[in-house]
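Hi,

Here is the model I mentioned, with the sequence alongside. Have a look at it first, and my notes on the chain contact follow below.

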Amino acid sequence: MPDTDDRGGPLAATPAQTIGPFFGHALPVPDGGRIAPEGHPDAVTVHGLVRDGAGAPVPDALLEFWQAGPDGGLAGAPGSLRRDGAVFTGFGRVPTDAGGHYAVRTLRPAAAGRSNAAPHLAVCVHARGLLHHLFTRVYFPEHTAAHATDPLLAQLPEERARTLLAHPDGPGRYRFDVQLQQSADGAFEETVFLAFR
Amino acid sequence: MTAPASPAPPPPAPAPYRGAVERHPRRPLLPFDTGTDPDAVELTGPVFGPADVGEWDADLTRQHPGEPLGERITVTGRILDRAGRPVRGQLVEIWQANAAGRYTHRQDRHPAPLDPNFTGVGRCRTDDRGRYAFTTVKPGAYPLPDESSWRPAHIHFSFFGTAFTQRLVTQMYFPGDPLLPYDQILAAVRDPADRHRLIAAFDHALSLPAGPLAYRWDVVLDGPSATWTEEGR
């Protein structure tokens, strides 16, 4: 039960626990990665690998995406769990496959609100063996000017910022890999993960 | 007449679950002060409507033609943010083992029976007071695959707040379970008061005569949100 702080301070938060190995029959939903309305001419694919510190693909991760629409709107819409193919809900959820690969089909966001942030996808990474989910972001390579003023990217050294950039991967396709841990041989730079305060 | 047995010594503290160490970032998480970007995308979050949840999603005992085995229970509670405000109309998801301690998951090799009338997956949306409610069966305990210990009965929960930052995945435990002091995963929460927040309360008054046993578990979501008050942080 939540404890009320005698001083009227904030309630103590419920702690997180590992998602465990058995979420696969519970959390993924049909068409969870089809964020873009069906047949939308501007739809793009964002796909990639989730890897661990040994360079091995992570076959039991679950990625959640939350984003503004092409108009910058962040109101969202119901329907992410039972897609009708017409509504852009702004939310997607996809498990990685046996090879550690994921893919979502979405619309590129515009910058939201008054923020000087560059357009991006917010990502929440869940996986067996993590004690707490991880937050990261996917930025797009077209917004070089906006990246310079983005409150997150602008504070990062180039090699760290690069881990948050999707790479062009053919027409209408972007590649974004999630490296959970820096590999010992340095071949894979660890993705930047965020603690929101 | 033998002398009364001395109280059992407290169990040795279990080694806290560390997870898959090759999956943990080596670098500390990068702090992101949402005060510097009050329009940050993560201060909002997905919305779910009545059509996202099916009629029987919140009653795990009614998802198949037959009756599942096990002790009928309800689990209800409120979802609040840290300022005590109810989280309304948001998605709550659960998954759990059946009464014998077996998940409907192909990778669960525990040799306990599957129940053809129980999948162990549920969803609901919170009401205007932030309340959620599930009807299910009490999950069984089961041994870890390495047989190092048994996991106490627990239900996995997934919550969304008004902000993506408030996302929470955790596990709920049952009061009085003798396995609680031995569980490595519960022990991964290091503070005893925090561990206590993961244990539901039995509600005798809510347990109707011959109705399901009622458990209450309130949840407080962490993380900044767009509606956070100045004095809250």
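Which residue stands opposite Phe196(A) in β1(B)? In this predicted model, that place is taken by Phe32(B). The strands around that spot pair up across the two chains: β10(A) and β1 of chain B, residues 30–32, run parallel and are joined by 3 bridges.

Now the interface as a whole. Chain A puts 78 residues into the contact and chain B puts in 77. Interface size is often quoted as the accessible area lost when the parts come together. Here, about 6800 Å² is buried between chain A and chain B, and carbon and sulfur atoms account for 60% of that.

On the polar side, I get 36 residue pairs in polar contact between chain A and chain B, both residues being at pLDDT 80 or more. There are also 6 salt bridges across the interface. One to click on is Arg137(A) with Glu42(B), where the closest N and O atoms are 2.7 Å apart.

As for what chain A brings to the side that touches chain B, these elements each give two or more residues:

- β2 (61–67)
- β3 (91–95)
- β5 (120–127)
- β6 (134–139)
- β10 (194–196)

The top contributor is β5(A), with 6 residues. Sorted by class, that side of chain A comes out at 45 nonpolar, 20 polar and 13 charged residues.

Cheers

Methods
Residues numbered from 1 in each chain as written. Chains lettered and ligands numbered in written order. Predicted model: local features only at pLDDT ≥ 70, side-chain atom pairs only at ≥ 80, totals over all residues. Heavy atoms only, no water. Contact = heavy atoms within 4.5 Å. Buried area = accessible area lost by both parts, 1.4 Å probe. Salt bridge = Lys/Arg side-chain N within 4 Å of Asp/Glu carboxyl O. Polar contact = N/O pair within 3.5 Å; in protein donor to acceptor, adjacent residues only side chain to side chain. Helix = DSSP H or I, 4+ residues; strand = E, 2+ residues; numbered from the N terminus. Nonpolar A, V, L, I, M, F, W, Y, C, P; charged D, E, K, R; others polar. Pairing = 2+ DSSP bridges.
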